[in-house]
Amino acid sequence: MIKTTGEQVLLYGIKDIEKERKIKSILIRMGVKIRNISTDLCGEKVGYLAGIKGFEQTSDIDNTRLPVEEEMLIMRGFTGPRLDTLLKEMRKANARVDLKAIITEHNQQWNLFELYEELKKEHESMNS
């Protein structure tokens, strides 16, 4: 039996089945809880998606926006060394996800659209 650690990863938009299998295998070996996030949940707050107390499902989601098309890996409860281990294992497995975030007090209030927009800006500025 694999012991869970209290860490969690939200996986969004992983279209390559083999990549998703590799990522999930790493997370399972590490004892990390996994939640797949579907496109119909893009309007929900990150805190709700991660199951954080005090967050309720949004009743007035804007369904007029197109869902986010890019992959995201959203992490909760990781220490620095455990994050380093996860990223190292993903690199070794050639399971790259460009848009990654750690859930914070600030971004747990954002919906998935807002988190995506911020991650996209950060990724572009780091790679320019």
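Helices (H or I, at least four residues) and strands (E, at least two) are DSSP runs, numbered from the N terminus. The structure is a predicted model, in which local features need pLDDT of at least 70 and side-chain atom pairs count only at pLDDT 80 or more, while totals for chains, interfaces and linings use all residues. Residues are numbered from 1 along each chain as its sequence is written, and side-chain values use heavy atoms, with hydrogens and water left out.

The protein chain holds four helices and four strands, arranged along the sequence as β-α-β-α-β-α-β-α. Its radius of gyration, taken over C-alpha atoms, is 14 Å, which agrees with the value near 14 Å that a compact globule of 128 residues would have, the globule rule being 2.2 Å times the number of residues to the power 0.38.

| Quantity of the protein chain | Value |
|---|---|
| Span of the C-alpha trace along its principal axes | about 40 × 35 × 25 Å |
| Accessible surface (Shrake-Rupley method, 1.4 Å probe) | about 7900 Å² |

Of the 128 residues, 39% are buried, where buried means under 20% relative accessible area, exposed over 50% and partly exposed in between (1.4 Å probe, protein chains only). Contact means heavy atoms within 4.5 Å, and among contacts between residues at least 6 apart in sequence, 77% join residues at least 24 apart.

K22 lies in helix α1, which covers residues 17-30, and is partly exposed, with a relative accessible area of 24%. Leaving aside neighbours within four places in sequence, K22 is in contact with A93, N94 and A95; the C-alpha atoms of K22 and M90 are 7.9 Å apart, although these two residues are 68 residues apart in sequence.
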